[in-house]
Amino acid sequence: MELSRLTVIAKLKLKFGNSFFVKTTEEFDGTENGLWISNESPLLYDQSMNYTDERLQSVLDECNWFVDPYDCGTLMLFRK
């Protein structure tokens, strides 16, 4: 099941709190249909250690989305 970005944003804020940084990828660099989140405080993803925070992974799995790291402090999320 594919869920809208607004639903994914709501689920992320429910897991991490209302102050959790999440914006659209259009706001970041114009890429369409994704979400932009911070990978700082807390560390949510570490490609070198093949680590994804369990809370983030549960939202991604439930919503059928995936992480696309932009750099060590910036993560993009997209539908699979």
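In which sense do strand 5 (residues 65-71) and strand 6 (residues 74-79) pair, and over how many bridges? They pair in the antiparallel sense, over six bridges. The legends below take this pairing as their starting point.

This is a predicted model, in which local features need pLDDT of at least 70, side-chain atom pairs count only at pLDDT 80 or more, and totals for chains, interfaces and linings use all residues. Residues are numbered from 1 along each chain as its sequence is written, and side-chain values use heavy atoms, with hydrogens and water left out.

**View 1. The hairpin of strand 5 and strand 6.**
Two residues lie between strand 5 and strand 6 in this hairpin. F66 has F78 of strand 6 as its bridge partner. Helices (H or I, at least four residues) and strands (E, at least two) are DSSP runs, numbered from the N terminus. Two strands count as paired if DSSP finds at least two bridges between them. Strands of a sheet pair through backbone hydrogen bonds, either parallel or antiparallel.

**View 2. An open sheet of four strands, in the order 1-2-6-5.**
The pairing is antiparallel. Strand 1 (22-24) and strand 5 are the edge strands, each pairing on one side only. Neighbouring strands of this sheet are turned by 30° against each other on average, direction ignored. Axes here are lines fitted to C-alpha atoms, for helices over the stretch in contact, and angles run from 0 to 180 degrees between N-to-C directions. Three bridges join strand 1 to strand 2. V22 stands opposite I37 in strand 2. Strand 2 (residues 35-38) also pairs with strand 6, over four bridges in the antiparallel sense. There, W36 stands opposite M76 of strand 6.

**View 3. Helix 1 (residues 5-16) packed on the sheet.**
Helix 1 touches strand 1, strand 2, strand 5 and strand 6. Contact means heavy atoms within 4.5 Å. The direction of helix 1 makes about 15° with that of strand 2. At 1.5 Å a residue, the 12 residues of helix 1 should span 16 Å, and its end C-alpha atoms are 16 Å apart, which agrees. The expected span is 1.5 Å times one less than the number of residues. Just after helix 1, G17 takes a positive phi of about 100°.

**View 4. The buried face of helix 1.**
Which residues of helix 1 are buried? They are R5, V8, I9, L12 and F16. Seen down the axis of helix 1, the buried residues fall within an arc of 100°, so they line one face of the helix. The arc is that of the directions from the helix axis to the C-beta atoms. The cover over these buried residues includes strand 1, helix 2 (25-28), strand 2, helix 3, strand 5 and strand 6. On the other side of helix 1, L6 and L14 are exposed. Buried means under 20% relative accessible area, exposed over 50%, and partly exposed in between (1.4 Å probe, protein chains only).

**View 5. Helix 3 (residues 54-63) and its residue Q57.**
Helix 3 lies across strand 2, strand 5 and strand 6. Helix 3 runs at about 130° to strand 5. Q57 is partly exposed, with a relative accessible area of 28%. A polar contact of 2.7 Å joins the side chains of Q57 and D61. A polar contact is a pair of N or O atoms within 3.5 Å; within protein, one must be able to donate a hydrogen and the other to accept it, and residues adjacent in sequence count only if both atoms are side-chain atoms. The C-alpha atoms of Q57 and V67 are separated by 8.9 Å, with the two residues 10 apart along the chain.

**View 6. N33 and G34 in the loop between helix 2 and strand 2.**
Is G34 buried or exposed? G34 is buried, with a relative accessible area of 0%. Leaving aside neighbours within four places in sequence, G34 is in contact with R5, K23, T24, T25, E26, W65, L77 and F78. N33 is partly exposed, at a relative accessible area of 43%. N33 has a positive phi of about 75° although it is not a glycine. Most residues other than glycine have a negative phi.

**View 7. N50 in the loop between strand 3 (45-46) and strand 4 (51-52).**
N50 is not a glycine, yet has a positive phi of about 55°. N50 counts as exposed, at 73% relative accessibility.
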